[in-house]
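Welcome to this tour. Please open the model in your viewer and keep the selection panel within reach.

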Amino acid sequence: MKLPSTIAIDGPAASGKSTVGALLAERLGYTYFDTGVLYRAVTRAALDRNVSLQDAAAVTQVAQALTIDVLPPATDDGRQYTVTVDGEDVTWAIRKPDVEGNVSAVSAYPGVRSAMLAQQRRIADQGRIVMVGRDIGTVVLPQADLKVYLDAPAEERARRRWHEDQARGGSRTYEDLLADVRRRDAIDSTRQLAPLKPAADAIIVDTSTMTIDDVVAHLCELVQTLGSGSR
């Protein structure tokens with residue numbers, strides 16, 4: 001049985017992509033790569049450097065100058081990976097509200113996406129990878145062996161994000177997070193470059209009533225089915 005070497009998982013904010021992708025990669029013995037952290041890292045760096053996020057050229061310059069690494073977890077604090085920018089650990093800093101509220105706008109800039117695209121494809125060329133994002137199946141890896149699009153209503157995704165925030169001791173309200181999710185959906189799905197949408201040949205999985213384990217088990221079945229050539 002020859003399992004798919006490249007697996008693309010796309011979907012909107014808080015659809016479970018990161019958790020599912022990490023668990024699937026672990027079960028398969030594959031590399032896990034959440035491309036969204038690249039755009040979060042650029043947003044964090046621009047904010048820290050007091051660069052106007054409305055200035056596409058300036059933000060693009062920041063993106064082009066950064067050295068971003070996604071590494072195995074360096075600390076046992078619930079992280080799935082360690083993200084560094086120019087050697088500095090920003091794993092949790094890229095999850096703060098100021099990044100959350102601006103990352104969709106930053107990721108819409110063509111220059112930023114171009115700066116990140118080459119790195120994403122270079123990593124994927126190594127094979128045996130589960131890559132997660134919003135345009136993996138449509139733009140980054142259009143020839144991926146398996147493409148999956150995870151989805152759920154905005155209300156359910158906001159509820160999940162609220163539970164995550166509470167678990168980390170956060171104080172954001174459900175209503176605030178729901179507004180964030182809806183705003184990000186609008187920006188991601190209507191941007192001119194690489195809008196959020198399922199690839200034509202993606203398998204769409206509605207996770208509304210599924211647990212994380214259910215989703216991972218379902219994707220494992222898809223991988224096995226594709227590997228056996230019976231899809």
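The expected span of a helix is 1.5 Å times one less than its number of residues. Helices (H or I, at least four residues) and strands (E, at least two) are DSSP runs, numbered from the N terminus.

Before going further, please note that this is a predicted model, in which local features need pLDDT of at least 70, side-chain atom pairs count only at pLDDT 80 or more, and totals for chains, interfaces and linings use all residues. Residues are numbered from 1 along each chain as its sequence is written, and side-chain values use heavy atoms, with hydrogens and water left out.

Staying with α9, colour L177, L178, D180, V181, R184, D185 and D188, its buried residues. Seen down the axis of α9, these buried residues fall within an arc of 160°, so they line one face of the helix. The arc is that of the directions from the helix axis to the C-beta atoms. Buried means under 20% relative accessible area, exposed over 50%, and partly exposed in between (1.4 Å probe, protein chains only). On the face turned away from the buried side of α9 you will find the exposed residues E175 and T190. Now show α2, α4, α5 and α8, which are among the elements covering the buried residues of α9.

Next, pick P12, in the loop between β1 and α1. Is P12 buried or exposed? P12 counts as buried, at 3% relative accessibility. Leaving aside neighbours within four places in sequence, the contacts of P12 (heavy atoms within 4.5 Å) are K17, R134, Y149, L150, D151, R157, D185 and L196.

For another loop, go to Q143, between α7 (136–140) and β7. Q143 is exposed, with a relative accessible area of 71%. Draw a distance from the C-alpha atom of Q143 to that of A8: the two residues are 135 apart along the chain, and the atoms are separated by 9.5 Å.

Now move to α10, where 17 residues reach 24 Å from the first C-alpha to the last, close to the 24 Å expected at 1.5 Å a residue. Select V215, V216, L219, C220, L222, V223 and G227, which are buried in α10. They cover an arc of only 160° around the axis, which puts them on the same side of α10. D213 and E221 are exposed on the face turned away from that buried side. The cover over the buried residues of α10 includes β1 (6–10), α1, β7 (146–151) and β8 (203–206).

Finish with the largest pocket, which has a volume of about 1,100 Å³. On a 1 Å grid over the protein atoms alone, a pocket is an open set of points where a 1.4 Å probe fits, with protein on both sides within 12 Å along at least five of seven lines; lining residues have an atom within 4 Å of a point. A volume is the space filled by probe spheres set on the points, which are joined across faces, edges and corners. Of the 50 lining residues, select S18, R40, R95, R161 and E164, which lie nearest the centre of the largest pocket. α8 gives the most to this lining, with five residues.
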